[in-house]
Amino acid sequence: MKALDTRLALLGGTPVIDTPVPESLFRWPIMTQEDEDAALDVIRRGAFSGLDVTEKFQEEFAAWQGTRYALAFCNGTAALTAAMFAVGLGRGDEIICPTKTYWGSVAQSMYFGAAPVFCNVDEHLSIDPDDIERCITPRTKALMIVHYCGYPCDMDRIMPIVKKYGIRLIEDVSHAQGGLYKGKKLGTFGDVSAMSLMSGKSFAIGEGGMLVTDDTRIFERAMAYGHYERFNAGYIKESEDLKPYFHIPLGGIKGRVNQVSSAIGRVQLKYYDARCAEIRKAMNYFWDLLEGVPGIRPLRVDESTGSNMAGWYNPQGIYVPEELGGLTVGRFCEALRAEVGNIVWDGANFCLHTHNYFKSFDIDHSGTPARIRYEDRDVRAEDSLCDPSLTRWCFSVPWFKHFDKEWIETYALGFRKVALNFEQLIGGEKPEKAMGGHWYGFTNEQ
């Protein structure tokens, strides 16, 4: 391992990484001639809007997922929206969702006249089982859980709550396709699950989404929502109440996936588990190297339990400022970028309940913002706020796609260098926002 230079690069020292990094270390998705040939076949046949490739992809995906049905959509948001429609979310309902997630997990619930209710997150940045029951009322229709940054939610504690209250469970698996919780595939716990398959995710097909379920009724309602070319007698077998509406999608949208993405998805699926295994090997090695370093903790699961982090999408670390003299996470990450490059940022997603969309936007001009339209419950109550310590004190780490021992050790050295020499940074911090958090350059105040 490279010798440690104790003078921080941010303050004039030599950076740990001062040579070009191999492109393959982080390139994703991995595209081969097989992917290109599959995509070109669709292009040359002009089969972009067809179904032949997509239906094969769905069959293969369902078999891999271990569910009866899989239904492909144009993106993950559309798949999640169809899941909400499929479970019957409507006017007067509430849907519980962790506040720390991407807006596509819950924002569209307001289209249906429903109100999102935000739940706290725990030390793993996923929904806090201890806070779920506080959020439940007679209006609660569904619980949306998110396996955030690949970390599986605590299903042993969540499932009894769902059963106790008889509410629908939707899993957002956009961060954890193929992940396991105690040996069971994520996305197979809920009544229905949906996920993004866009190019930035660990399961990346270009642009697309997938809905999976074992429930025929849910599957057919999801199909009716946004697949007009399949909303007909040839596809809807059991849902008699849907048949009078054939040929017009009930969501008024055209949600099918482009077959170029389906073709790529079929190839990606063949190699996905093996590629994820290598990612996990690399990421676990990185965190093993940092074991005991003050101020930072891994966000990772104990794989000896039969659980795993899937493709370890958007890997995060937990920051412990009191171990580094109260140094702000922003300053810590600034120093890291100087050492290892523009690859480390603080905060991940901002808390959704802090955004004006959920505070004051009147989506249907009813005169009352959708999130607080029900007089018997103001979901803006102070006890719904996400604990700031769980929002501010996390940071991204390199997402290694290959087990390259030397380069992983070099990146780990950069983190170790900053953490062990934090005293050099004390006094140079800029004031941080009370509820910080970044995602693709956006903050919670926008």
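Reply: In this predicted model, the secondary structure of the protein comprises eleven helices and 14 strands. Of its 446 residues, 60% are buried.

Me: What makes Tyr313 a buried residue?

Reply: Buried means a relative accessible area under 20%. Tyr313 has 3%, so Tyr313 is buried.

Me: Why is Trp399 called buried?

Reply: Its relative accessible area is 13%. The limit is under 20%, so Trp399 is buried as well.

Me: How many aromatic pairs does the structure hold, and why is the pair of Phe231 and Phe246 called edge-to-face?

Reply: There are 31 aromatic pairs. The ring centres of Phe231 and Phe246 are 5.3 Å apart, and the planes stand at 85°. Phe231 and Phe246 are 15 residues apart in the loop between helix 6 (216-226) and helix 7 (259-289). Both Phe231 and Phe246 are buried.

Me: What makes Tyr313 and Trp399 an edge-to-face pair?

Reply: Their centres are separated by 5.7 Å and their planes by 90°. With limits of within 6.5 Å for the centres and over 60 degrees for the planes, the pair is therefore edge-to-face. The pair links distant parts of the chain, 86 residues apart: Tyr313 lies in the loop between strand 10 (296-298) and strand 11 (316-319), and Trp399 in the loop between strand 12 (394-396) and helix 11 (405-420).

Me: How do you know that Lys185 lies over the face of Trp64, and what is the distance from the charged end of Arg221 to the ring centre of Phe85?

Reply: Lys185 is placed 4.0 Å from the ring centre of Trp64. For Arg221 and Phe85 the distance is 4.3 Å. The distance limit is within 6 Å, and a charge must also be within 35 degrees of the ring normal.

Me: Which residues touch the most other members of the largest nonpolar core?

Reply: They are Phe286, Tyr319, Phe332 and Phe395, in a core of 55 residues. Helix 7, strand 11, helix 8 (329-340), strand 12 and helix 11 each contribute at least two residues to this core. Helix 11 gives the largest share, eight residues. Another core, of 40 residues, lies apart from it and includes Ala83, Met84, Val106 and Phe231.

Key: Residues numbered from 1 in each chain as written. Predicted model: local features only at pLDDT ≥ 70, side-chain atom pairs only at ≥ 80, totals over all residues. Heavy atoms only, no water. Helix = DSSP H or I, 4+ residues; strand = E, 2+ residues; numbered from the N terminus. Buried < 20%, exposed > 50% of the residue type's maximum accessible area, 1.4 Å probe, protein only. Phe/Tyr/Trp six-rings, centres within 6.5 Å; stacked < 30°, edge-to-face > 60°. Core = buried A, V, L, I, M, F, W, Y, C linked by side-chain atoms within 4.5 Å.
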